Structures are given as structure tokens and as C-alpha cells.
Amino acid sequence: MNRNLLLMLGSLVAVVIVLVMLQRGETMSRHAGNENAESIMLFCAASNRAVVEEVLDEYERECGRTVAVQYGPSQTLLSSLEVSGIGDLYLPADDSYLKMGSEKGLIAEMIPIATMRAVVVVKKGNAKQIHSFDDLLKKEIRLVQASPESAAIGKITRETLQKSGHWDRLQAVTIASRATVNEVANDVAVGAADAGIVYDAVLHTYPDLTFVELPELVTAHSRVAIGVLKSSHRAADALHLARFLSASDRGLIHYEKQGFEVTKGDPWEDEPKLSIFAGSMLRPAIEETITEFERREGVRVDRVYNGCGILVAQMKAGQQPDAYFACDSEFMNQVHDLFPNPVAVSQNQLVILVPKGNPKKIASLKDLTRSDLRVGVGHEKQCAMGWLTQNTFREGGVQKEIMENVTVQTPTGDMLVNQLQTGALDAAVAYLSNAVGAGDFLDAIAINDIKCSTATQPWAIAKSSRHGNLAGRLFEKISSADSQEAFAAEGFQWQLDAHNLSEKKSDD
């Protein structure tokens, strides 16, 4: 059969499934028949319905914003999103669906919320005496499960038990497969089944039910996260709600009350404000990314650009930004107690900058020792560039001789470029990135065979930050492919890769 025809049929099937679910009432809207252009549209897994309703009641009272919700099985909702191309937020029962959605190009951001565990649900009193996996296999036990094809709990159960070799036996004694985890709990509640596999958190709204934990299911858990859809035309509003749902003093209170194991969330603020300290040389590479982040998130980012020596002095004096982007690892190391988990993002090379055409015929560091030259460098105590320059001079064995010709020491490379442009200097030692955009009047001469002439720029989030998750999302934008292109265009070499980025996320 033609591949395009198969895709078309698959899409039609998905639409039919959603329509059937809507007719059966299993995919329901919070404001059925009252959705309007001002409402954010949330697609939410049925397993999260009870807690989400509580959170949204509080959100609408406090923030005065309406939210339309469609509840249903995680896979069904994902299929609907893929076919329809509409919506603002997607909250499945397991973040694997968000990862699938991301691979399909549907998800822009993912924000963690909580964890649920797979357990066996029974009526209180456990009259059937179900205490082990083998008890579920007894002929007299009526066992129901959620479908692995539509519901996250079914998918997670199957994946876990297939690894241990228990799945086929359990599937063989299952008398019915349900679309959602709530339907499984309902079957046990009304006596249509003796047991089922559900998430522990779902049972908060079932006072007559309890659960049994089995060793075979101990690794079966789902991470709950909310995703902002790329189809959203109101990203700032969608992220506003996502931040509320994941806030430590708003949504997460409700999640914890209903038995979820919650993540470490940021405290709620209607319009959060991040503070970022960054070396001056990084400004051209990150400023546009930060501006776009502010617009998309609906937040403020206060940034302070300066020489890293000055920034470090300010932090040691008590100023505490949410994140620090240093010009070199040495200046991150000086505040390691404040920023314990840095990750290297880029590198920048020291070069010798001279007027266009190189009228003094400078070819190496040794040439800067000539007595007829006026040389500019970075200030050793005020910026990473100056510190690195002095190390480079020392390694090259020319520090004393060159410093005799130094007439200007500045906290930033841009100041040196300005001095060269006005004719106040014959040469300066600065970063390659300082030469970008100055090609009409400057030439850059490489400093060869000296290893310490390369600076590495690390990023880190302060351990004291109240908005660590928000700062983490900013770092995701700085880590993006578009950002990488911006760094390359400014003369930086990209260092961040999937390995050290995953390490950084696990550390945070």
C-alpha cells in the first residue's frame, strides 16, 4: 500500500478515535461549549484530572484566566495533537509521550511536575488476599488493565514486566483492557473487577480503594511533566499556566496532597525576574536569545555584563544572580561555592588585533616587545581576558618586555577595539570575538603554539536561586541550535554536546 495512503488512513483513524472518546465522555472539556479565544487549551491525561481540576480552580480564581481542558488517554491525546495541530499545552501521564511529541516536532518546552508509581488496586480490606504477583494469576481473580496502546500506565506496566519476563503471564489472565487508568479504578470500585494496575496517585479520589505494592512493579513509575506545544499562538500565556502548575507553592501543593511525589519547583510569581551575570564578551552571542526568551516566557531577565573580575568581586560582596556565564573557567572557579555545577558552553581564542593592513608588520607575540609599539591589554584583575593574557605572555616568555609597551589596560575587549579604531593603539591582545564586525578596520593575528591562549566559557545556575527551573529553561535556549549559530557567527567555538548537557541536567 502507498506510504502516503497509510499515513492518511492513520490520521483518519486517530480522528475517529478522538471523536468516539468525545462521544463516550471520556475526553471531556472543563468548559464544554464555552471555549473562547481567551482560553488556554490544555490536553491532559485522565490520571491527572482530579489534581488538575483543583489547580485550575485556584489558577482561575487567582489569575482571572480561563482554561479549556480535554481529558483522555495520553496516546489518544497525542494522536489528536498531531492530527489537529492545535492546542497550547499537553500534560500526559508519562513524559515519554512528551519525548515522542518532541521527536514529531510538536513540543517546544517540557517542565517537570511529579512522579507516580504503578500499583495493584483492590477494594479496602483486600478480601481476595492479593499480596503477590502470583496472586494476580489465580483463576478466581478478575484482573483488568489499561491498554498499553492508549494509556501511559498500560505502556509502563508492559515495558517493565516485559523486561522481567512477567508480562505474557499477566496479559494472559487479564479479562479486560480499558482506555484509561480511571476506568480500571472504576471497575474495581463497582465490583466489576477484583484488581487492576493503576497509578498510586489516582486513588486519592477513591476512598473505598487501596493498593498493594509488588516487587515486580517497583521500577514501574511515570514522570509527569507538562509540555508547551509549538502550535500555541500564545506561548507566554501557556507558560504562565505551566509555571503555576509546577510552582512549589501553588500546583505542587495539590499534587503532593493527592499522593504524587513532586519535583523541586520554583515559587510562584506572576511575572518572574531572573538575574544573570555574564562576561562582556558574551553579550553579542546571547543577547538576542535572552530577549526572545523574555518575550516567549513573559518574564524579565536582568543581565549585568562586565569584566569577570568585576563580576566576581560583586558576587563575593554579596550580590547573588540566578546564573553566571563566565568568560573563563578560572572566574567560575573563584565562586564555585555559589555555582557548584558549571558546564562548558564555548571557547574563545586570544588574538593580536592590529589596524587594517597591519602597518607595523606584527606577526607574533615577540613582535609586541618592540619599543616603538603602543599595546593594549585587558586588566588582569578585572576581566578573564586580562588574566588569560598575562598567562599567555608568561608561557611565551615575553611578559616583562610586552608590559613595558602596554599603555592601556581595560576591563573589556570592546574598549581595546575602540582605542585601535581611534589610532590610540598600534596593537591589542583581545578575543577573536572582539574582532567580529570590525573587519573593515582591523586584522586579527593568531597566537600560535601557546595552549593557555584559549578561554573556556562555563554556565552555571546559583544553588541559592529561587528560579532554578526558569534559569534552566533559559539555558536550554542558550544550548539550542539557533544559539549555537549565533555563537559561531561571533567567533566562538562551540563546546556543549549532548553528553555534558545531560550531565548538567542530572546535576541540577
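A crossing of two helices is left-handed if the near helix is turned anticlockwise from the far one by less than a right angle, and right-handed if clockwise. Helices (H or I, at least four residues) and strands (E, at least two) are DSSP runs, numbered from the N terminus.

This is a predicted model, in which local features need pLDDT of at least 70 and side-chain atom pairs count only at pLDDT 80 or more, while totals for chains, interfaces and linings use all residues. Residues are numbered from 1 along each chain as its sequence is written, and side-chain values use heavy atoms, with hydrogens and water left out.

**View 1. Helices H3 and H4.** Helix H3 covers residues 74–84 and helix H4 covers residues 95–103; they pack at an angle of about 20°, with their axes 10 Å apart. Axes are lines fitted to C-alpha atoms, for helices over the stretch in contact, and angles run from 0 to 180 degrees between N-to-C directions. H3 and H4 are therefore roughly parallel to each other (angles under 35 degrees count as roughly parallel, over 145 as roughly antiparallel, 65 to 115 as roughly perpendicular and the rest as oblique). The crossing of H3 and H4 is right-handed. Ser74, Gln75 and Leu78 of H3 make the contact with Tyr97, Met100 and Gly101 of H4 (contact means heavy atoms within 4.5 Å). The contact of H3 with H4 has three nonpolar, three polar and no charged residues. Ala, Val, Leu, Ile, Met, Phe, Trp, Tyr, Cys and Pro count as nonpolar, Asp, Glu, Lys and Arg as charged, and the others, Gly among them, as polar.

**View 2. Helices H11 and H18.** Helix H11 (residues 283–297) packs with helix H18 (residues 468–478) at an angle of about 130°, their axes being 10 Å apart. That makes H11 oblique to H18. Their crossing is right-handed. On the H11 side, Thr289, Ile290, Phe293, Arg296 and Glu297 meet Leu470, Arg473, Leu474, Lys477 and Ile478 in H18. By class, the residues of this contact are five nonpolar, one polar and four charged.

**View 3. Cysteines.** A disulfide is counted as a pair of cysteine sulfur atoms within 2.5 Å, and the count comes to zero disulfides. The sulfur of cysteine 63 is too far for a bond, because the closest cysteine sulfur, in cysteine 44, is 18 Å away. Cysteine 308 is in no disulfide either, with the sulfur of cysteine 327, the nearest, 3.7 Å away. Cysteine 308 is buried, with a relative accessible area of 0% (buried means under 20% relative accessible area, exposed over 50%, partly exposed in between, with a 1.4 Å probe and protein chains only).
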